[in-house]
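I want to look up one residue first and then step back to the whole chain.

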Amino acid sequence: MADLPDILTNWFATRGWAPHPHQLEMFARADDPATLLIAPTGGGKTMAGFLPTLADLATRDHAGLHTLYISPLKALAADIGRNLRRPVEDMGLPIRIEDRTGDTSATQRRRQRADPPHILLTTPESLALLVSYEDAPRIFAGLKRVVIDEIHALAESKRGDQLFLALSRLQSLCPGLARVGLSATVDDPAAIARLLARHPDPCTIVHADPGPAPDVAMLNTDALPPWAGGGAAHAIPAVLDQIRQHKTTLIFHNTRAQAEIFFHNLWLANDDGLPIGIHHGSLDRTQRQRVEAAMVRGELRAIVCTGSLDLGIDWGDVDLVIQIGAPKNVKRLVQRIGRANHRYNAPSKALLVPANRFEVVECIAALQAVAAGDLDGEPRGPGPRDVLCQHILIRACAGPFDADDLFAEVASTGAYATLSRAQFDDCLEFCATGGYALAAYDRWQRLVQRPDGLWQLRDPRTAQRIRMNIGTIQDTDTLKVRLRRNRGGKPLGEIEEGFAATLTPGDTFLIGGQIVRYEGLREMTVEVTRRADKKPRIATFMGTKFATSTQLSERMLDMFARDDWPEMPRHTADWLHLQRQVSHLPRRGRLLVESFPHDGRAHTCVYGFAGRNAMQTLGLLLTKRMEDTGLHPLGFVATDYATLIWGLDPVTDPAPLFDLAALRDGLDSWLAGNAVMKRTFRASATIAGLIERNMPGQRKSGRQATFSSDILYDTLLKYDPDHLLMQITREESRRGLVDFARIEDMCARVQGRIDHLRLDRVTPLAAPLLLEVGKVPVSGAAEERLLAEETARLFAESGLDSLAPAT
Amino acid sequence: MNALPLSLAGASLLALGSGALWWRDQSLLCVSDLHFGKAERIARRGGATLPPYDTRDTLNRLSADLLRTNARTVICLGDSFDDLDAARGLPEEERLWITRLQAGRRWVWVEGNHDPGPIELGGMHMAELLHAPLTFRHIARDGASGEISGHYHPKASVRLGARSISRPAFLVDRNRIVMPAYGTFTGGLRCDAAPLTTLMHRDARAILTGTTPHQVPMPR
């Protein structure tokens, strides 16, 4: 093993530190083509990733870019920059370190292209943009190493797919490039290693000492958790108690809306005036930065937050993490717990707060999983083709290319290793002509093949439009919220366009912990005042709802199989015993279906335990099947655990409803017009470049020139249902919001073993569902009827009906 | 019929759920903002290659309305083509389709801001059309009455509890009707936006298109 250069050894010594064994091992493996480090939070991951770079640059001259560092967060890139500069300055090394993100000025970016620093810290999107430049070979000349931080977070998303495709391009420009991945603890390191390495190269996996087991428990509250809902208001006094007893507490929520409500309630009960802040992705950047700065200075006792604080920025002395609501996913829970106590070798302390009775069971299942070190992973399928389409366009921006070369590059990316040439050609065809069954764009192709066989942009000016639309992050359309002032007041954050559309002047809602009053919309900005004269509505944020993982669901079912539950609070154990007495408890490998009358309607409850997205989809599909068979369903509600359907006629035999082929058929035909499918389509169409979010010289607004992506979807469905983007949409619907794969898994596990119980009243397990919000009325006919009623009411109320002509 | 009756300057009209306006007494069907060739124009200008089925979809719907009404006169109220090149670049099949629809009918292309000039298709081409007591023009004029116009692509939304349904809409007051866009690839302008709120009288209503047309006081 080569030794660390003296200058580095001495630096460690002067700080009173010794390098961790995994840091030395990473140094020893500096020349491996790919290395993945698995280390817990606070394990000196970053230093491990950069040691070989510092050692190399300390001992020999290097012109141009040496190491590229990629992180999922802009803020993390900036943070790492600060942390790296300190040792470099201490040692007096001539190393230039700069970051390049969406926040970097245009002047700075131009300079970086002409004269790159030794170490460039950036994000996947900024890297994709760099790769799209014609002078990319010059920018990256001399590049030796690439370090991907928080690779476990990137590996789960299309941002990762885009990053690894960009790496395949870099590898062609710099054949000796060494790849390093830095990951938190994950269930399947080998899966991440396969993504990191150039296919089929091997990838070394280095494990750091995982440190002591965390200290996790359920928070005891005097008040009982409610039967349904996710607010956890009952836990406010107990949570305040914990905040008082600790230095700094992070209070994690699963959704932004829940964080807003909880913060509001916490503030109302905060009689001691403890300094507490709120942080989530929809708050204005300056607001977030103020909270972050206060946190680093140690001025805050608690921060109510969401996944925006999941990733590795070191926010100072957090000594307690509280998770409000069931964690839904053990892996994420463990990573969150790691945020408490950034000192290596000290146990992290965390408390779980179930928001309702079902979640009590889920939290106990999660505690068992944490103790067993059993993390959950849902394997991702092959690399999505919408991201590949964008990559092809990015490649075209950089200059003419050969399709065979590009295919070889793409196939060297782990996620795309199984991509067939025909699938690749479909994507290329889509980028060139749109890929329609009707050849319409012979003259106006986006990409054209030259006589020498190379592909290039027909109109070089297109490159600008493509570059402006690089990225795979799906922002739902949001509107900025500002306080109303003469010259535009303080920005507060953003809300979704869909929620804004339901607001009328005078409505109030919560944002950043304050109640504001909607005054009006001006130039695509929501104007509000600080006036709270009625109960606030809660802004909805789509796409942030996690589904309970398969592993946790199965653990819950295993718990139901036991005779008693001494580890559970008495109230919850009693509830389960009562359910067992009057009905059954759900069992693994079987499907419990209960039918009972309630409130004059026939109810059917299906305990599928497939996660909220799949249970929602199941509700849509089952009600469609029930409508077909004349059972007159009226609506349904879904949770992570069950779907409750009500209607006019009772279900007598559920077996035919769960015929998988019929369900799949329902997905294809009826869900085709469903809003969730349309959103899935929109995401893919935007990534693939069919829909442009940004246009040169204009910001897309509510102008009459733009039309909704739903129209594109409807048109393709009608005239070209096998189009590439429709294929991609169907593939995507197996996961994510539709999550049909979990319905398939459920049907496969159950194999027709359905326990149908007809009861005379609502059962203990079904009762909470009656209280759930988010009830979905069934069918377009119902919507049309509601619309007719509402428009008639509005019309009559206005007195305008007296003006309408008699027919 | 799937339609809502209304009257303007004494003429009895029907707002069809499809977004067309039917004047039964005159056997006259009016549609606005067809934007034929929109996908082609976007591609021509270096934008995305959108599904090239917009023109045939618009024609499918127009054919259905013509079959239903058997109108003797058809008025296309401007922006029938996304630009003049789109009119020239129309595929043969779609050009013939339009010709078939025109057979045996009076067909008027009213000029719009997107298609301000003659086109090489059958039918009359006019800046505006007076068909007493109504005037058909592309862009509404201040102070006009008995006026049917298009241009703004108005849409209106109705809130249903936590949801909001937004659809292309006719805007109707005592002086005028502003037509929704009929073309498949057309977006909408919310009727609470500035040019429409100042244009329309206080008592204006909006008729949402769709399976069944519904009217509401124009949301402002």
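Predicted model: local features only at pLDDT ≥ 70, side-chain atom pairs only at ≥ 80, totals over all residues.

**One glutamate, then the fold**

I started with A:E527, which sits in strand β20 of chain A, a strand covering residues 525-529.

Is A:E527 buried or exposed? I looked up its relative accessible area and got 7%. The cut-off for buried is under 20%, so A:E527 counts as buried.

Next I asked which residues A:E527 is in contact with, leaving aside neighbours within four places in sequence. My list has A:R482, A:R484, A:R517 and A:R522, and also A:Y518, A:E519 and A:G520.

Then I zoomed out. Chain A has 30 helices and 26 strands. Its radius of gyration is 28 Å, close to the 28 Å that the globule rule gives for 807 residues, so chain A is as compact as a globular protein of that length.

I checked contacts in chain A with a separation of 6 or more: residues 24 or more positions apart account for 72% of them.

On burial, 55% of the 807 residues of chain A count as buried, and A:E527 is one of the buried residues. As for the surface, chain A exposes about 33,200 Å², and I have carbon and sulfur atoms down for 51% of that area.

Last entry, charges. I got 95 positive and 99 negative side chains in chain A. The centres of these two sets lie 4 Å apart.

Note on methods
Residues numbered from 1 in each chain as written. Chains lettered and ligands numbered in written order. Heavy atoms only, no water. Helix = DSSP H or I, 4+ residues; strand = E, 2+ residues; numbered from the N terminus. Rg over C-alpha atoms; globule rule 2.2 N^0.38 Å. Buried < 20%, exposed > 50% of the residue type's maximum accessible area, 1.4 Å probe, protein only. Contact = heavy atoms within 4.5 Å. Areas by Shrake-Rupley, 256 points an atom, 1.4 Å probe, with all protein chains shown as cover. Lys, Arg positive; Asp, Glu negative; His and termini not counted. Charge placed at Lys NZ, Arg CZ, Asp CG, Glu CD.
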